[in-house]
Every structure is written in C-alpha cells, then in structure tokens.
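Good morning, and thank you for coming.

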Amino acid sequence: MARKRLRAALIAAAALATLVVPAPAQAASTTGALMITHVRPNAAGADIKNNKQVNLNGEYFVLKNVTKKTVDLGGYVPDITTNTYGRALPAYRLPAGAKVYVHTGSGTHHRDAKGNHHVYRGYGRHVLPNDGTKKNPDIRLKKPGSRDDNTATGAISSCNWGKAADGKTYAC
C-alpha cells in the first residue's frame, strides 16, 4: 500500500514538473517609451593599440522604442553605475517599435541598409564596465532631465551583465 502511494506521489510530482516553465534569467522591462534590450560592454579585440583607444563603436547598448509613436532620444540619460561620465543622448527620432544601437565612439547618426538605427555618443574611450564589479544594474536609462548620479531616480529601464566576455552581446 505504501509503495502504491509513493508511486502515485512520484507520478503526480513528475506531471507537475512538466507544467513549471522557467522564467528568463533577466526579463527586460521599462516604465517609459524606451527600453534597454541588449548591451555589448566589451568590444571584440583589444581596447588599446599603440597607446590609442580602438574599436569604440564595438561597445554599445541597444534601445527599443516600445510605443506606437516616434520618440526623440534627445535628453535621455544613460547612467553607468561605475562612473559619472554620463552624457545625455543626442537628438534622434526613433520610429515606433524600432531599435537603435547606441555606440560609445563617434560617427554619423543613421539608419543602415538593414533598417537598424545607429547613434554615437562621441566618447574617446571605452565607458561601459566589463570587469565584473558587483553593480546592479550596470546601466540605467533615465528620462530626460535626470542626473547621472548612480541612483535609481528617473530610471525607466536598466541592465546588468557582470563580467563581460570579449565581443559578447548580452540580452537584458
């Protein structure tokens, strides 16, 4: 009798286990019009060659316009929690549902042949953390007018990745 109950309990537990669906490690979310969806904090290859910063545009994060209208990126603040090097994003009109790659280095803001949008922050050095320091999150996107002060005030979306592998893009 005890064996039958044990067997029935095991069958019930196995059936219940098939119904449990694991949640994503970190689901992206936002309380505003834009959401951080991906980040590549460590550009592929060396960061410095011949005492010069290289491949700055290989370091980027991706924002998605989650609204049904065009959103101007101008004034949104990417707050990197390991420093206070923040610069508000430049003016750029991102269509509804579109994604934009926000590159660390310099370039001309544009939409490429594949339909991807690209915006450049104009830094002369790498700024996204990739050393694995325990910050959570590593980057926050804050609404226009917010301060780059490493606090959650004004944050609408965030992402954490920890120690970053060379050239790996992380989903938020």
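Let me begin with a definition: helices (H or I, at least four residues) and strands (E, at least two) are DSSP runs, numbered from the N terminus. Two strands pair if DSSP finds at least two bridges between them.

What you see is a predicted model, in which local features need pLDDT of at least 70 and side-chain atom pairs count only at pLDDT 80 or more, while totals for chains, interfaces and linings use all residues. Residues are numbered from 1 along each chain as its sequence is written, and side-chain values use heavy atoms, with hydrogens and water left out.

First, confidence. The term pLDDT stands for the predictor's confidence in each residue, from 0 to 100. The protein chain has an average pLDDT of 84, and 81% of the residues score at least 70. Over residues 2–27, however, pLDDT stays under 50. For that stretch the model has 4 contacts beyond four places in sequence, where contact means heavy atoms within 4.5 Å.

Now to the sheet. How many strands does the open sheet have, and in what order? It has 6 strands, in the order S9-S10-S8-S4-S1-S13, and the pairing is mixed. At the edges stand strand S9 (110–111) and strand S13 (170–171); each has a single partner strand, so one side of each is left without a neighbour in the sheet. Within the sheet, strand S8 (residues 99–103) pairs with strand S10 (residues 117–120) in the parallel sense, over 4 bridges.

Let us turn to strand S11. S11 pairs with S6 in the antiparallel sense over 4 bridges, and S11 also pairs with S12 in the antiparallel sense over 4 bridges. Are the faces of S11 covered or open? Both are covered, with Ile 139 and Leu 141 on one side, Arg 140 and Lys 142 on the other, and all of them buried. Buried here means under 20% relative accessible area, exposed means over 50%, and partly exposed lies in between (1.4 Å probe, protein chains only).

Side chains of opposite charge can pair when their charged atoms come close. A salt bridge is defined as a side-chain nitrogen of Lys or Arg within 4 Å of a carboxyl oxygen of Asp or Glu, and the structure holds 2 of them. In one, Lys 142 pairs with Asp 79, with the closest N and O atoms 2.8 Å apart. Lys 142 lies in strand S11 (residues 139–142) and Asp 79 in strand S6 (residues 77–80), so the pair ties together parts that are 63 residues apart in sequence. Both Lys 142 and Asp 79 are buried. In the other, Asp 149 pairs with Lys 142, again with the closest N and O atoms 2.8 Å apart. Through shared partners, the salt bridges join Asp 79, Lys 142 and Asp 149 into one network. Asp 149 is partly exposed, at 27% relative accessible area.

Next, the disulfide. It is a covalent bond between the sulfur atoms of two cysteines, identified here as a pair of cysteine sulfur atoms within 2.5 Å. The structure holds 1 disulfide, which joins Cys 159 to Cys 172 with an S to S distance of 2.1 Å. Cys 159 lies in strand S12 (residues 155–159) and Cys 172 in the segment after S13, so the pair ties together parts that are 13 residues apart in sequence. Cys 159 is buried at 0% relative accessibility, and Cys 172 is buried at 7%.

A nonpolar core is a set of buried Ala, Val, Leu, Ile, Met, Phe, Trp, Tyr and Cys residues joined through side-chain atoms within 4.5 Å. The largest such core has 28 residues, and those with the most contacts inside it are Leu 34, Leu 63 and Leu 73. Strand S1 (34–40), strand S4 (60–65), S8, S11 and S12 each give two or more residues to this core. S1 contributes the largest share, 3 residues.

Finally, a loop residue. Asn 50 has a positive phi of about 50° although it is not a glycine. Asn 50 sits in the loop between strand S2 (48–49) and strand S3 (52–53), and at 80% relative accessibility Asn 50 is exposed. Thank you for your attention.
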